[in-house]
Amino acid sequence: MSKNSSSGRTQWMNPVAVGRAGYEPTTIEHWANILSHGAFVAPAMWLAWLLVVAAGVADGWHSMRTVACGIYGLALVLLFTVSTVFHVASFCMLFTWLLRQVLHRADRAMIYVFIAASYTPWLLLQPLPPGMVHLRWGVWVLAVVGIVYQQLFHEMYKMVDTTIYVTIGVVPALAVLQMADAGMWELGLGGAVYLVGVVFFKLDGRLPCAHAVWHVLVGVASYVHYVAVATHLLATPAAVPHLAAPHCARDAVCEQ
Ligand SMILES: [Zn+2]
């Protein structure tokens, strides 16, 4: 697999970006980026719909559980949708400099929003250790701080960007994992997959289709977390019909 083929048709990778310049994917990488998140848009919509409807039917449409599932489900859909729109526009050269800035910043901002939204069901629907209840709103403050930083210093300090992503992603987990309740194993597994994904997030220009690998790992991790929310917080098989039966046979909570 050559870095740059002479024909240009099988170019798997471009040189690493320098300074504030963004990495320029090859045609193959553009397609990989689009498909690796585009494929998750429809499933995310379907799963988010199942989650919210199951919560609404079980607890009422204005219940805390429905609101928490709604926030999480909306962020799940937006994460893959915004990313796919950005990568399609990037490939099709649809944008001016300004539009590229807006879409790229929105793509990055969604990472912060999605981190906060992923924690929201766990923080709102589970008892927290003493002194950590402020994380319920604190996780959104962290996301806003991250987004403001990212808007002010977009692409200026890329390692700082990544460090903030990981910090905001990991710190609330220290509290959530102390809840010692059902679903912690899945939360830990999903978090580990995200962290592996971050490695690939930083390998543009060093590994072909590294960004697409990051995309796929985000999809896998978010699905693991979805299953944990649906089966342990929502406690109904309706949100995970494709795997609810064997799981709920194991957990009595699914009987309600
Ligand atoms: Zn992307």
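Over residues 109-128 the chain is 85% helix and 0% strand, with end C-alpha atoms 27 Å apart. UniProt, in an unreviewed entry, lists this span as a "transmembrane region", along with residues 39-58, 70-97, 134-152, 159-177, 183-201 and 213-235. UniProt positions follow the numbering used here, feature names are shortened, and annotations may be inferred rather than shown by experiment. The model is predicted: local features need pLDDT of at least 70, side-chain atom pairs count only at pLDDT 80 or more, and totals for chains, interfaces and linings use all residues. Residues are numbered from 1 along each chain as its sequence is written.

**Helices and their lengths**

- Helices (H or I, at least four residues) and strands (E, at least two) are DSSP runs, numbered from the N terminus.
- The expected span of a helix is 1.5 Å times one less than its number of residues.
- Helix H1 (residues 27-59) has 33 residues and should span 48 Å, which agrees with the 48 Å between its end C-alpha atoms.
- Within the annotated stretch 39-58, the chain is 100% helix and 0% strand, and the end C-alpha atoms lie 30 Å apart.
- Helix H2 (residues 64-92), with 29 residues, reaches 42 Å from first C-alpha to last, close to the expected 42 Å.
- Helix H3 (residues 97-125) also has 29 residues, and H3 reaches 43 Å, close to the 42 Å expected.

**Bends and helix ends**

- The bend at a residue is the angle between axes fitted to the seven residues ending there and the seven starting there.
- H1 has a kink of about 30° at valine 41, shortly before proline 43.
- H3 bends by about 35° at tyrosine 119, and proline 121 follows within four residues.
- Glycine 60 follows H1 and has a positive phi, near 105°.

**Packing of neighbouring helices**

- Axes are lines fitted to C-alpha atoms, for helices over the stretch in contact, and angles run from 0 to 180 degrees between N-to-C directions.
- Angles under 35 degrees count as roughly parallel, over 145 as roughly antiparallel, 65 to 115 as roughly perpendicular and the rest as oblique.
- H3 and H4 (residues 135-152) pack at about 175° with axes 9 Å apart, and are therefore roughly antiparallel.
- Residues in that contact, where C-beta atoms placed from the backbone lie within 7 Å, include Tyr112, Ala116 and Tyr119 of H3 and Val139, Trp140 and Ala143 of H4.
- The H3 with H4 contact divides into 13 nonpolar (Ala, Val, Leu, Ile, Met, Phe, Trp, Tyr, Cys and Pro), three charged (Asp, Glu, Lys and Arg) and three polar residues (the others, Gly among them).
- The axes of H4 and H5 (residues 158-176) come within 11 Å and cross at roughly 180°, so the two helices are roughly antiparallel.
- Among the residues making this contact are Leu142, Gly146 and Tyr149 of H4 and Ile164, Ile168 and Pro172 of H5.
- By class, the H4 with H5 contact has nine nonpolar, two polar and one charged residues.
- H5 and H6 (residues 184-201) pack at about 170° with axes 11 Å apart, and are therefore roughly antiparallel.
- Their contact includes Val166 and Gly169 of H5 and Gly191 and Tyr194 of H6.
- The H5 with H6 contact has seven nonpolar, three polar and no charged residues.

Methods:
Two residues are in contact if their C-beta atoms, placed from the backbone, lie within 7 Å.
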